[in-house]
Amino acid sequence: GPTNSTAVVMLSALTACGVPWEKFPEVLPVVLVMTGVFLLISACLNISSLVQYVSKSVILGYMTAVIIIMIINQLHTALGFNLHVVQDGAITSWDMLKATFIGLKDIDLNSLFICVIVIALFFFWKKCFPKMPVIAMTIFSLALLSYFLMTFFHFSIQTLDNVYVSSWKATLNGFTMDNVNTFAST
């Protein structure tokens, strides 16, 4: 199934192939279908058994790097401000971190409050119910808390707009042999 690691690899693949951000929605379905095909082939060939030959330190290093990259890329969102990156082209994690530190003056206190609450709820549920689905319990608790704060205290919490199936525009524009050839090697 999809994982954060796969998302990082896909983002890296699209970036390495020189795909501009605005083209991602067009070519991402091609990459997703191709990834699914490769995963099915790998499952049939039992490729996952090869992981036993990779040292634990390599796997731990990879997972640690992915976690650090994800934290750096999401920190500004969690603190409620947009990054102002002034360079064109590929943005490194170091650039993201510098831009985040520069943007700290724009922290949204509501977002910071929610972050602190999420962390507190997560560790509370983990301590009280270690065998339960702690992440799901945290999300549900936060949804209830957010509803309560917005309804009774008129707390300002930014929410996502509704998404309707009728607004989806399914096309096969990205499925070209050029795109398949470009992403096959990646």
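Student: Leaving aside neighbours within four places in sequence, which residues is Asn179 in contact with?

Tutor: Setting those neighbours aside, Asn179 is in contact with Val27, Val30 and Gly174. Contact means heavy atoms within 4.5 Å. One caution: this is a predicted model, where local features need pLDDT of at least 70, side-chain atom pairs count only at pLDDT 80 or more, and totals for chains, interfaces and linings use all residues. Residues are numbered from 1 along each chain as its sequence is written, and side-chain values use heavy atoms, with hydrogens and water left out.

Student: Where does Asn179 lie, and is it buried or exposed?

Tutor: Asn179 lies in helix H7, residues 177–185. Helices are DSSP runs of H or I with at least four residues, numbered from the N terminus. Asn179 is buried, at 16% relative accessible area. Buried means under 20%, exposed over 50%, and partly exposed in between, with a 1.4 Å probe and protein chains only.

Student: How far is Asn179 from Cys17?

Tutor: Their C-alpha atoms are separated by 10.0 Å. Along the chain, Asn179 and Cys17 are 162 residues apart.

Student: Switching to Thr100. What does it touch?

Tutor: Not counting residues up to four places away in sequence, Thr100 touches Ile72, Leu75, His76, Phe81 and Leu83. Thr100 lies in helix H4. Its relative accessible area is 2%, so Thr100 is buried.

Student: How many salt bridges does the structure hold?

Tutor: Two. A salt bridge here is a side-chain nitrogen of Lys or Arg within 4 Å of a carboxyl oxygen of Asp or Glu. Side chains of opposite charge can pair when their charged atoms come close.

Student: Which residue does Asp95 pair with in a salt bridge?

Tutor: Lys98, with the closest N and O atoms 4.0 Å apart. Asp95 and Lys98 are three residues apart in helix H4 (residues 93–102), so about one helical turn separates them. Asp95 is buried at 14% relative accessible area, whereas Lys98 is partly exposed at 40%.

Student: And which residue meets Lys105?

Tutor: Asp106. The side chains of Lys105 and Asp106 form a salt bridge, 3.9 Å from N to O. Lys105 counts as exposed at 65% relative accessibility. Asp106 counts as partly exposed at 35%.

Student: On to helix H5. Which of its residues are buried?

Tutor: Ser111, Ile114, Leu121 and Trp125. They cover an arc of only 85 degrees around the axis, which puts them on the same side of H5. That arc is taken from the directions from the helix axis to the C-beta atoms. On the other side of H5, Leu109, Phe123 and Lys127 are exposed.

Student: What do the buried residues of H5 pack against?

Tutor: Helices H3 and H6.

Student: How many residues does H6 have, and how far does it reach?

Tutor: H6, residues 134–152, has 19 residues and reaches 27 Å from first C-alpha to last. That is close to the 27 Å expected at 1.5 Å a residue. The expected span is 1.5 Å times one less than the number of residues.

Student: Which residues of H6 are buried?

Tutor: Val134, Met137, Thr138, Ser141, Leu142, Ser146 and Leu149. Their arc around the axis is only 165 degrees, which puts them on the same side of H6. Ile139, Phe140 and Tyr147 are exposed on the other side of H6. The cover over the buried residues includes helix H5 (109–128).

Student: What follows H6?

Tutor: His154, whose phi is positive, near 50 degrees. His154 is not a glycine. It sits in the loop between H6 and H7 and is exposed at 69%.

Student: What about the phi of Asn46?

Tutor: Near 55 degrees, positive in a residue other than glycine. Asn46 is found in the loop between H2 and H3. It is partly exposed, at 46% relative accessible area.

Student: Last one. Which residues make the nonpolar surface patch?

Tutor: Val33, Val37, Phe38, Ile41, Leu45, Ile47, Leu50, Tyr53, Leu172 and Phe175, over about 1000 Å². Patches are made of residues with over 30% relative accessible area and no salt bridge; like charges are joined within 9 Å, nonpolar side chains (Val, Leu, Ile, Met, Phe, Trp, Tyr) within 5 Å. Accessible areas come from the Shrake-Rupley method with a 1.4 Å probe; for residues, only the protein chains shown count as cover. Leu50 lies in the loop between helix H2 (24–44) and helix H3 (56–78). Leu50 is partly exposed, at 47%.

Methods: Helix = DSSP H or I, 4+ residues; strand = E, 2+ residues; numbered from the N terminus.
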